[in-house]
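Here is a short report on strand pairing and the nonpolar core. Take a look at the model before reading on.

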Amino acid sequence: MPSSFRATIAALTLCRASRFERRAGVETARGRPAHGIALLLTVAAVLSATVHGATGETRVPQASQAASAPADPADGGWPMATRDYANTRYSPLADITPANVATLKPAFSFRTGVKHGHEAAPLVAEGLMFVVTPFPNRLHALDLARPGAPPRWTFDPQPQPLARGVACCDGVNRGAAYDAGRVFITTLDTQVVAVEAQSGRELWRRRLGDISRGETITMAPLVVKGKVLVGNSGGEMGVRGWIAALDAASGRELWRAYSTGPDRDVLIGPSFRPYYAADRGTDLGEKTWPGEAWKTGGGNVWGFLAYDPQLDLLYHGTANPGPWNPEQRPGDNKWTSGVFARRPDTGEAVWFYQWSPHDLYDYDGVNENVLLDLPFDGRRRPVLVHPDRNGYVYVLDRASGQVLSADPFVRITTSTGVDLASGRLKYDPRTEPRAGQTVRNICPHSPGGKDWQPSAWSPRTGLLYIPHQNMCQDTRVYETSYIAGTPFVGAEVKMYTGPGGQRGRLTAWDPVSRRPAWSVEEPFPVWSGALATAGDVVFYGTMDGWFKAVDAKTGRALWRYKTASGIVGQPVSYRGPDGRQYVAVLAGVGGWAGAGVTHQLDARDPTAAKGFAAAMKDLPKPESLEGQLYVFALP
Amino acid sequence: MCSRCRERCHRPRPPRPALGLALALSLPLALAGCEREARRLELPPSAPLAAPSKAGVLYPGPYASAPVRVTAADPVVRGQRVEENAYAVSQGKRWFRWFNCSGCHAGGGGGDMGPPLSDDRWLYGHELPQVVASILQGRPNGMPAFAGRVSEEQAWQLAAYVRSLSGQLRSDVAGGRSDAMGSGEPEQRREREVPRPDAAPPTVR
Amino acid sequence: MATRIRPLQRRPHARGPEPRTFAAAALAALVLGLLPLAAVAAPPFGAGSQDALRTGGPQAALILDLWRLLLAVCGVVFAAVMAAFGVALWRARRGTRDTPPELQGPLRGEPRSARLVAAATGASAVGLCGLIVASVLTDRALARLPLSNALHVELTAHQWWWQARYDDADPSRTFETANELHLPAGRPVLLTLHADDVIHSFWVPNLSGKKDLIPGRTATLALRADVPGRYRGQCAEFCGLQHAGMALEVVVEPDAAYAAWAERQRRPAEPPTDPQAQRGQRLFLAGTCAMCHAIQGTDAAARRAPDLTHLAGRARLAAGTVPNGRAQLAAWIADPAAFKPGTNMPGHRYAPEDLDALVAYLETLR
């Protein structure tokens, strides 16, 4: 721990101690309170900390592309939604422990004034907390140094309201990204905007897509080697997916890799070495589709991105193929529902693995890839761990793309396993959708065993904390027309609770022994992210508004707090300017699971919100539909 | 013939006024049913409505180059009142699926990306001409403009079907049980949702 | 007074026609009516393109053979029955005016008649059993059509048009067309049959028997067309207003010609070069057409109406209702209800130059 902070803590402790003594009427040996000396020390410590902070965290845009600062924020910040490039969401702060978490209290809060699902992760950098709201995607910078953390500035990108009508699953935003004094946000109407972190001044903005064709952006960008990486949404509207890199300084587009189409569009070249034979060939992004169906084929990149600086590989998932009705697109439908490893400098693909070839159930492949080094077969291997929509936790060798293991973490009726020799998912023909027929008991349902909500890893326990759901569905597919700007789905879905009767779960998964260590059941899907801390406490939120802390080793419930609205955001933990550990989360129910409440849908129609509205009929109406940031600390 | 036979067979029957009355009364009812079932299939085609400027793309929002003039009264469209004609409403149900309305508003009108159509909240008016205007002109929060993309007759049929989703139509005109998986009650069994008077469209900013 | 039941007997002059005369007249009418059938049972009658008696493949041939056997056996039975009927009427014993009514008319059977009836019944039963055996054998033969190297076609029936998707092991080589099937001569075809809305039935009499297309169910039909030619098929299950206007044209051609046609079908539509056609394409995409129709190579990818990518190469429009030609195409687009009342395609009062441009564009879709 840096000396400045130690000094600060010491000073504050003295300060507090002296205040206590005063209140208690106890005087020091000298007959007068020691708070004067404490005050001097505090001021000195704070001054030194500020100076240290000013030089330690660059306040001016960096010209070099050294990827040092965001890679491992040892200073207790949270510069990107995933906390680090490895997507661990693990906070090294250990002040909050199972022993004292029960005393956690709200330190301050902030109302966003925006309705709909608040899925973002609050970022912390340079003494500011950056919060992006759902549409209209306002970016607030809260001054953590001042009491109550009032907003220092608010940036309003003013996205077009027309975008709201083409957002499949609520007009959410999953967070901003901070790098070298700049904050980057995406907007629902496909813009990327860079603002100066300290002042909120707009530096540049780029529009990357076309909302009239149903294209939107909801994901949290990642900044790697001076490049801002973003991907689009819109698979339910027949939008062709892509990932693009913009220059962080100017916003100029450096490269764009599509998820379908010829190799030159997908940026597949001589470096491409997929592990499995099914992924080798030329122009598979065209050949595994009928006719020109790849042009409306989906494969969007709306999940979290990961980066391995040693291998210099960027990992991103691709979403479901369009339409949901699989009979309109025979073939493997590359390169959808899979994971790419690409070089961030040029975007060229190095390897690819398809979680769900010819996806039948809207099993997007965009869930997080947690980069870890785990023992496998006696030696440590660089792997990525990925809980997929199709219900399996995959462990892949992240250098080659080989599947090392794939084990179910929920009840699965749609497939019988993954063949490790060919890498192929083995579908169960009994649950295959057929046009004009209702196929029942499809588990997991379309949002998957786990949807976007990100898991967290603790190196101390060796467990991956997966927030997810336990639900099944009935599906009926039918022919659907592609009409640009309208949905391209072709499926009706009715969702219901899975076996066991509880719709949500937090599972602590051991990827080495390949089974759950423990799991906690919840009445509603756990649609929030998870947070793991070095204090061995895991945080998550529920859709009915409880922010909970459980013991990282056993899952025992330790603490909970009722917020004004359901929680679908990503909890973060940071060290405030005062040296204390804080835990922050956005409350504001919405997203696909909460669409019924936030859009006031009619749950009498079981297919409303693609089946979710009726399945969540009993979700209590929140106190307030508006979002609110909650920040907690030990007293 | 034998006289006895004649007696048996030709005994004067007592007058039956009730039968005649019943016949007289049922005739207008039968005729009224004709309107419900009438299918005017050979009407001359209508003029195409002005299309949005950019080819091939459904621009959400009020992009129709010519405003659609609708009157407040329930119009007689090309010889038939759509809301009294079961065929027109069933065609509207067909278009609801064909043109992907069910993609945004869900198969039974419960809502998804677009607001629900089966409840009592109307953002831009619940009268038939107002619904037609919303369909043809588009609306600011993402409803595409379908002027020029659907024929005038199709738009009226669609609007009538949309109103049937909240039970505004008579049960003998609204649709029956769908063949789809299950989108709630059949339209003809839905209770009429009295439109709320003070619903306002969401503010744009 | 004692009532004597007076029979309701007509007086001789009001009796009506003589039974014998009546029987003779009826028999004559039946025989005359059946004569045309006899002629038809002979080999090819005219040049029938929708003709179960002019077979183009083994399935139809098997069915025709069974049908001929059925006709022969049933014809013999029918003739025998008619003969017996005639004899019975002719030789019926009639009573006189004084015969009680219950004893009038043909009297009780005689022992000789009883044996005759028994023999006839026995013969009929044997005949029927024979027909059952023949039917079973025909079914087996129909099911055993060798399917090696079969062409897979997925046929989906809509109100009131046929959608055909030619499948391939390589998904990028699948293509779609509508209302006109091309098949290679001599190669087995496996049809997978779906229906989109109501029950339809596939029937190309020259090639095969009927098979229903039922929504929610998948049926298969195997056939092979050996004789090149153009055959007309028809929806054979009442499916709504235009059930009669739902024809399916099957063009059977040699392998090479079929392969060339299939390659053309796989290609997306070329962008038009002529300015009038370009204007027509803009109208197509900006108007109501692209809401239901698809043209590969453009943004139009709707699936509610026939795929038009190669419209100009088809012989007929609107599922056989309208011949394909510039004037007919224009008339059809302007007012489909004039040709097919009840069709789901809306008509528009296009400006003449707009209609011309549209037709010019569609004519480029070879």
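Two strands count as paired if DSSP finds at least two bridges between them. The model is predicted. In chain A, A:Arg182 has A:Glu196 of β9(A) as its bridge partner.

**Around β9**

Strand β8 (residues 182-186) joins β9(A) through 5 antiparallel bridges. Strand β10 (residues 202-207) also pairs with β9(A) in the antiparallel sense, over 5 bridges. There, A:Val195 is the bridge partner of A:Glu202.

Both pairings are hairpins:

| Hairpin | Residues between strands | Residue with positive phi |
|---|---|---|
| β8(A) and β9(A) | 4 residues | A:Thr190, near 65° |
| β9(A) and β10(A) | 5 residues | A:Gly200, about 80° |

**A three-strand sheet**

Chain A also holds an open antiparallel sheet of 3 strands, in the order β25-β28-β29. Which strands stand at its edges? They are β25 (438-442) and β29 (491-497); each has a single partner strand, so one side of each lacks a neighbour in the sheet. Neighbouring strands are turned by 15° against each other on average, direction ignored. Strand β28 (residues 471-477) is joined to β29(A) by 7 bridges. A:Met471 stands opposite A:Thr497 in β29(A).

**The nonpolar core**

The largest nonpolar core has 275 residues. Among the members touching the most others are A:Leu123, A:Phe130, A:Ala176 and B:Ala159. Helix α6 of chain B (residues 152-164) gives the largest share, 7 residues. Leaving out residues up to four places away in sequence, A:Ala176 touches residues including A:Leu123, A:Phe130, A:Val183 and A:Ile185.

Technical notes: Residues are numbered from 1 along each chain as its sequence is written. Chains are lettered from A and ligands numbered from 1 in the order in which they are written. This is a predicted model: local features need pLDDT of at least 70, side-chain atom pairs count only at pLDDT 80 or more; totals for chains, interfaces and linings use all residues. A nonpolar core is a set of buried Ala, Val, Leu, Ile, Met, Phe, Trp, Tyr and Cys residues joined through C-beta atoms within 7 Å. A residue is buried if 20 or more other C-beta atoms lie within 10 Å of its own, exposed if 12 or fewer, and partly exposed in between; C-beta atoms are placed from the backbone. Helices (H or I, at least four residues) and strands (E, at least two) are DSSP runs, numbered from the N terminus. Two residues are in contact if their C-beta atoms, placed from the backbone, lie within 7 Å. Axes are lines fitted to C-alpha atoms, for helices over the stretch in contact, and angles run from 0 to 180 degrees between N-to-C directions.
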